[in-house]
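Look at the model first, then work through the answers.

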Amino acid sequence: MLHFQKWKVILVSAIVLAGFIFAAPNLIPASALQGLPNWIPHRQVNLGLDLQGGAHLLYRIDEKELVEDWLGTIRGDVREALRSSRIGYVDLAQNVSARSVSVRIRKPEDVDKAYTELRKLAVPVGNDVFGGFSGNDLEVTKSGDKITLTATEVGLNDRISSAIQASIETIRRRVDAFGTTEPSIQREGRNRILVQVPGVSDVQRLKGLIGETGKLEFKLVDPSANAAEIALSKKVPPGSELLFSDDDPPIPYVLKDRVMVSGENLVDSQPGFDSRTGEPVVHFRFDAAGAKRFGRATQDNVGLPFAIVLDNKVISAPVIREPILGGTGQISGNFSVQEANDLSVLLRSGALPAKLTVIEERTVGASLGADSIDSGKKAAIVGMILVVAFMFAAYGLFGLFANMALLVNVALIFAVLSLIGATLTLPGIAGIVLVIGIAVDANVLINERIREEIRAGKSPIAAVDSGYSRALIAIIDSNVTTLIAVLVLFWLGSGPVRGFAVTLTIGILASMFTAVTVTRMMVAAWLRWRRPKELPL
Amino acid sequence: MFRGITFIPPDTKIDFVGQRAITWFVSAFLTIVPLVLVATVGLNLGIDFQGGTLIEVKTKENPANLADIRGKITGLGLGEVQIQEFGAPDEVLIRIASQPTEEEQQASIAKVKGALGDSVEYRRTEIVGPTISSELIAGGTLAVVVAMIGIMIYVWFRFEWQFAVAAIASLVHDVTATIGLYALLQLEFNVSSIAAILTIIGYSLNDKVVIFDRIRENLRKYKRLPLVDLLDRSINEMLSRAVLTHVTTFLAMLPFLFFGGEAIYGFAVAMCFGIVVGAYSSIFVASPMQLILGVQREAFSGSPSAAKDKSEAAARA
């Protein structure tokens with residue numbers, strides 16, 4: 001009992017020392033930390049959104065829209081394939097709920113050929129980690145003269161995955177433009193994206209920027225149509241469509257269906273000011289193909305208006321004064337400086353593949369976060385003082401040993417939290433305090449056991465020895481059961497609740513170490529030093 | 001040298017299990033009344049489980065003019081709206097019932113912000129859509145069940161099945177009693193309440209396992225002692241530890257009730273209550289259950305010294 005192997009003492013002391021060293025940066029303000037030399041640990045505990053303020057936004061991608069888009073593409077592919085093989089067809093139709101496109105072949109002798117051609121449209125998708133593929137994205141079947149192409153589950157999952165991936169990239173570019181520190185954007189489950197932005201104050205603007213699809217189109221205005229009349233009668237001439245501006249009241253425009261150039265051809269967009277009027281505008285630049293198409297379209301339509309359409313809303317409809325051949329231009333539309341800035345970010349970041357809907361939103365203002373830190377700190381400190389005082393009252397010197405172990409325990413929690421980059425939340429602070437209670441329990445168990453052994457007539461050293469070893473089983477069993485509940489909590493929870501589970505898990509593991517090993521070494525050192533005839537317990 | 005105060009004398013001989021006629025009644029009361037409360041009064045479900053919108057604002061005037069805010073918001077046609085003071089006289093919590101679609105839910109926030117304008121500071125906004133709320137209900141229930149099963153398996157593995165059953169029975173008791181408290185005080189029941197319940201499960205079990213451990217030890221030691229006396233003896237031996245542990249944990253949590261702020265108040269109330277209920281059920285539910293289930297002494301056969309050697313070997317390992 002009294003003698004520990006040297007390596008054990010060194011190891012335990014090293015862990016304790018490391019705990020204090022890596023916990024220490026949390027005591028220093030971040031600004032002061034910047035000025036310190038590099039060899040000093042700098043990592044601090046990340047504060048959760050509930051303490052720091054910020055936005056937690058859970059988005060769901062519109063699966064129906066993805067399916068519709070996809071079926072539209074399949075229809076185009078079918079048309080193309082049959083035309084190029086000169087096969088006559090009728091009734092080319094799509095069925096969104098069945099996720100399928102069907103077509104009837106005119107001549108019975110063409111059916112087999114068409115079937116062979118259309119089967120080529122199906123491509124293998126869903127490569128798994130082993131390099132094999134899990135199936136084709138389309139299932140092609142025929143019955144009589146009818147051929148049906150059905151989107152498979154694997155194919156759909158693949159589509160959703162790549163749409164989510166593309167959305168995450170787009171959102172990242174948009175959020176980065178917001179200039180906040182360390183946003184986190186990640187996929188959740190099948191069709192969701194979780195966006196967490198700490199320290200953001202204007203959440204409404206953030207949501208506007210993320211949620212906007214950002215589909216930009218340049219279309220010609222139909223010069224023969226009277227927009228005001230058509231807006232009332234709803235009789236839109238074939239080949240045209242009726243769109244509105246974002247003004248109040250909205251101004252109707254009748255535009256040609258055909259897209260002159262779309263945002264896909266955009267390579268850059270920057271906010272700026274009009275050189276003549278000085279109003280905020282967005283400057284844009286097309287790639288080579290886009291510049292060519294835009295040049296040709298403007299050349300053919302000098303003197304006519306065209307419309308700049310964002311997400312099916314007309315931003316502006318200027319008249320083409322001269323052909324625009326350089327591939328650059330500007331969008332004006334009574335923007336404020338901020339609106340011009342946001343629009344340029346939107347255009348630069350590219351369009352989202354499908355609409356995103358917020359299904360969960362939790363935002364905390366910075367002032368509430370600061371208040372929560374204050375109240376959490378205060379409660380935790382008072383709680384710790386009460387526990388420390390009580391332990392001393394109950395066990396005297398042995399209580400002091402337990403209290404020192406407690407200090408080590410708290411330092412270890414902060415050290416591990418800082419090192420693994422875990423997040424401290426308000427419930428997490430409560431978790432630390434709860435750990436203090438649990439950690440003390442281990443020492444209570446040990447000390448009570450030692451008292452029992454003394455009453456049974458054992459010598460101080462023998463009493464301490466069997467006190468520790470006998471209490472150990474109870475300590476392990478009881479902590480494992482708590483851990484089971486806490487791990488379930490981690491698995492279930494998100495955000496603050498998960499933060500609670502993380503601190504509790506680290507704390508329980510640290511408490512088993514400190515209560516059993518650290519106090520034991522302290523008690524042993526004390527016994528060796530004082531050689532007491534009886535224990536002060 | 002200061003030895004510390006002995007709060008609980010070492011040789012108590014309290015007849016805990018002997019009083020089981022009374023304590024069974026109390027335990028049954030603590031289990032059934034909450035269920036009745038939940039069925040009649042109901043839980044104050046938060047937006048986590050019900051869906052909806054919650055906006056916490058701080059008003060510029062102190063105290064807040066609740067009537068004015070209510071007037072501005074009820075005209076918006078958002079369905080059921082609750083407006084109440086929250087923590088401080090100038091802090092107001094606005095709760096709006098779930099809207100039919102997620103888009104309308106987003107619009108509801110914009111409407112409220114439009115109506116209140118810059119007259120208030122928006123401290124917190126939470127929107128939980130219908131998909132998420134039903135997932136959270138399922139997840140929360142599943143978590144409690146999985147935790148219980150996991151614990152039961154562990155206790156069964158480490159002790160005997162009787163202990164596992166007793167542990168689960170007393171945990172059910174603790175959980176229903178805690179849920180009853182939520183219904184009684186009409187505290188908001190949300191995801192952090194599930195966290196509180198799971199923590200209470202873990203913490204309360206911690207305590208039961210310590211007593212089980214002593215019962216097991218005594219079953220080996222006192223082969224002829226009647227089970228009732230053996231259980232009482234085990235509880236009395238662990239009484240000092242139980243009281244001290246619960247007092248320290250309770251002392252640690254207590255400041256959160258007073259200084260922790262509104263955000264964590266409900267959690268702190270549940271935890272403080274759970275600590276007390278857990279202490280009660282360890283002594284008055286988990287232990288006397290052994291009488292009903294009939295612990296088999298043969299399961300712990302072997303000479304006491306052999307058992308001791310075995311446990312010490314385990315301790316060293």
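A crossing is left-handed if the near helix is turned anticlockwise from the far one by less than a right angle, and right-handed if clockwise. Keep in mind that this model is predicted.

Q: What is the handedness of the crossing of H7(B) and H8(B)?
A: Take helix H7 (residues 191–221) of chain B and helix H8 (residues 227–259) of chain B; their axes come within 9 Å. The hand of their crossing is right-handed.

Q: Is H7(B) parallel or oblique to H8(B)?
A: The two axes cross at roughly 135°. Angles over 145 count as roughly antiparallel, and 65 to 115 as roughly perpendicular. The angle of H7(B) to H8(B) therefore makes the pair oblique.

Q: How many residues of the contact of H7(B) with H8(B) are nonpolar?
A: H7(B) brings residues including B:Val210, B:Ile211 and B:Arg214. H8(B) brings B:Leu230, B:Leu231 and B:Glu237, among others. Of the residues in this contact, 2 are polar, 4 are charged and the nonpolar ones number 9.

Q: How many of the 31 residues of H7(B) are buried?
A: A residue is buried if 20 or more other C-beta atoms lie within 10 Å of its own. H7(B) is largely enclosed by the rest of the structure, because its buried residues number 29.

Q: Which element gives the largest share of the side of chain A that touches chain B?
A: Here 64 residues of chain A are in contact with 66 residues of chain B. Strand E19 (356–364) and helix H15 (495–530) of chain A are among the contributing elements. The largest share is 17 residues, and it comes from H11(A).

Definitions and conventions: Residues are numbered from 1 along each chain as its sequence is written. Chains are lettered from A and ligands numbered from 1 in the order in which they are written. This is a predicted model: local features need pLDDT of at least 70, side-chain atom pairs count only at pLDDT 80 or more; totals for chains, interfaces and linings use all residues. Axes are lines fitted to C-alpha atoms, for helices over the stretch in contact, and angles run from 0 to 180 degrees between N-to-C directions. Helices (H or I, at least four residues) and strands (E, at least two) are DSSP runs, numbered from the N terminus. Angles under 35 degrees count as roughly parallel, over 145 as roughly antiparallel, 65 to 115 as roughly perpendicular and the rest as oblique. Two residues are in contact if their C-beta atoms, placed from the backbone, lie within 7 Å. Ala, Val, Leu, Ile, Met, Phe, Trp, Tyr, Cys and Pro count as nonpolar, Asp, Glu, Lys and Arg as charged, and the others, Gly among them, as polar. A residue is buried if 20 or more other C-beta atoms lie within 10 Å of its own, exposed if 12 or fewer, and partly exposed in between; C-beta atoms are placed from the backbone.
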